[in-house]
Amino acid sequence: MATVTLENVHKAYGEVKIIKGVDLHIDDRDFCVFVGPSGCGKSTLLRMIAGLEEITSGDLLIDGKRSNDIPPAERGLAMVFQSYALYPHMTVRDNMAFALRLAGVSRQERYGKVDAAAKVLQLDKLLDRKPKELSGGQRQRVAIGRAIVRQPKVFLFDEPLSNLDAALRVQMRIELARLHDVLNATMIYVTHDQIEAMTLADKIVVLQAGVIEQAGSPLELYHHPRNLFVAGFIGSPKMNFLDATVSAAAGDGATVTLPGGGRVTVPVQPGHVKVGDKVTLGVRPEHLVPSAEGEIRGEVQVVERLGGETFLYTQVDGGPSIVVQADGESPVRTHERVAVKLNAATCHLFDSAGLAIERAQRHPLADMRRPTTTRMAS
């Protein structure tokens, strides 16, 4: 497979700057996911790697070779789009083999590659069907199979699951993770869905307005977000934010006063804040515990019961609305008053510029990566 490196890459349409100096390295056999809100530049970045968009300045290296001026067909990449783009008059077999046919590959060889890819994708019993006879998930697998038979250096996916319903999206996420494990391939995947990013990626690249906000493993971004944007984007439901004021700063951390008067001492590195500083406290819904006594008090406005868990949308006294993840059997009802207990070790602090204040200790799981699969030589 291949490595992909972007060095100070820019993209502009006239005076409008879309990508603003991206530096990124994707390791061989990584599953790298570009994620961010609409308009952040993630699809443009993918298309620049594919050669479908010209790089305004900077360098693209594939396996260490500068590839800016190499035509798309010669870069050794294969792209899977949101639209399946299957030929309706062709069978699944012929759809998957079409690119090889155009390349002049013999019938025996191209059908052999199709049969091998079909087994990996569990399409071997569907090869004689037409696209109209397939489900949405099966059509997407055919589109992926069309990429596999080309044996590319890198697979590129541009929001491939957007057209599927919720149940199929979950199933296809599992299929893509399994496919990456089987092929042991370098994959770059674009999505606006942070759940897809968390569940599929070895490395997540969070983009906003053409700039990389943070890149790292899913758990690194989850437990150690670099700023408020990443903290609010990664995680579902998203992290809660409360305005706070530093009331004490000592060696064991910073004590902050919350809306309603509650206090909590967050273990952050000393010397980064001083008494009187305005900060933002961030805490995830699953780290909040309804309790008889707690640092936060408020009124429950909405209760969402999902069976195994319950979400309490709570209006904090003197503050914003927050989400509390409670047990599925929680008896709390709408309009009840609740107190919420904080676990200081799971709280985050952000300064007035929105940057994370370094914590005293990293989370033990933050640097975990998916284990590498070693393939046996045939």
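**View 1. Burial of strand β8 in the predicted model.** Strands are DSSP runs of E with at least two residues, and helices are runs of H or I with at least four, numbered from the N terminus. On one side of β8 lie T186, I188 and V190, and on the other M187, Y189 and T191. This is a predicted model, in which local features need pLDDT of at least 70 and side-chain atom pairs count only at pLDDT 80 or more, while totals for chains, interfaces and linings use all residues. Residues are numbered from 1 along each chain as its sequence is written, and side-chain values use heavy atoms, with hydrogens and water left out.

View 2. Strands pair if DSSP finds at least two bridges between them. β7 and β8 pair in the parallel sense over five bridges, with F155 opposite M187. From β7 the chain passes through helix α5 (residues 166–183) to β8 in a right-handed β-α-β crossover (clockwise from the first strand over the helix to the second, with the strands pointing away from the viewer). Five bridges also join β8 (residues 186–191) to the parallel strand β3 (residues 31–35); here V33 has Y189 as its bridge partner.

**View 3. The open six-stranded sheet.** The strand order is β6-β7-β8-β3-β9-β10, with mixed pairing. β6 (77–80) and β10 (211–216) are the edge strands, each pairing on one side only.

How values were computed. Buried < 20%, exposed > 50% of the residue type's maximum accessible area, 1.4 Å probe, protein only.
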